[in-house]
Amino acid sequence: MLLLLAACSDASLTKNNAPPEATISAPTDGAPFREGVEVALVGAAGDADDASDSLSATWYAGDSVLCAAEAPAEDGRTTCSWVADPAASTPSLEVRDPS
């Protein structure tokens, strides 16, 4: 009779971390702005692996920070005020998770 034993090791297991998602809902893409007028930026941050309060959302115009990193609301909503400047880059939203 032949008996084979095999051992398992957790060393080969890896956890996949889905990247967080960022969506800008306002203003809509291509919306016109008047120079010098304050514009409300509204977005949503989400992550399949992490709660909203562990994420950080940062608003940018090119390389310039418009609103510093902070956790989005419990529902994932994040906001920022921007004074429209036609010479500036289009606002963008970056979301990071703790991983």
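I take contact to mean heavy atoms within 4.5 Å. The model is predicted: local features need pLDDT of at least 70, side-chain atom pairs count only at pLDDT 80 or more, and totals for chains, interfaces and linings use all residues. Residues are numbered from 1 along each chain as its sequence is written, and side-chain values use heavy atoms, with hydrogens and water left out.

Entry, Gly 46. I found Gly 46 in strand S2 (strands are DSSP runs of E, at least two residues, numbered from the N terminus). Neighbours within four places in sequence aside, Gly 46 is in contact with Pro 20, Glu 21 and Leu 55. I also looked up Ala 22, 24 residues away along the chain: its C-alpha lies 6.7 Å from that of Gly 46. Gly 46 is partly exposed, at 27% relative accessibility (buried is under 20% relative accessible area, exposed over 50%, partly exposed in between; 1.4 Å probe, protein chains only).

Entry, Thr 58. I placed Thr 58 in strand S3, residues 56–61. Thr 58 counts as buried because its relative accessible area is 8%. Its contacts beyond four places in sequence include Val 65, Cys 67 and Leu 93.

Entry, aromatic pairs. I searched the whole structure and got one pair (ring centres of Phe, Tyr and Trp, the last by its six-membered ring, within 6.5 Å; planes under 30 degrees apart are stacked, over 60 edge-to-face, the rest tilted). Phe 33 and Trp 82 pair edge-to-face, with 5.1 Å between centres and 90° between planes. Phe 33 sits in the loop between S1 and S2, and Trp 82 in strand S5 (residues 77–83), 49 residues apart. Trp 82 is buried at 6%, whereas Phe 33 is partly exposed at 38%.

Definitions and conventions: Helices (H or I, at least four residues) and strands (E, at least two) are DSSP runs, numbered from the N terminus.
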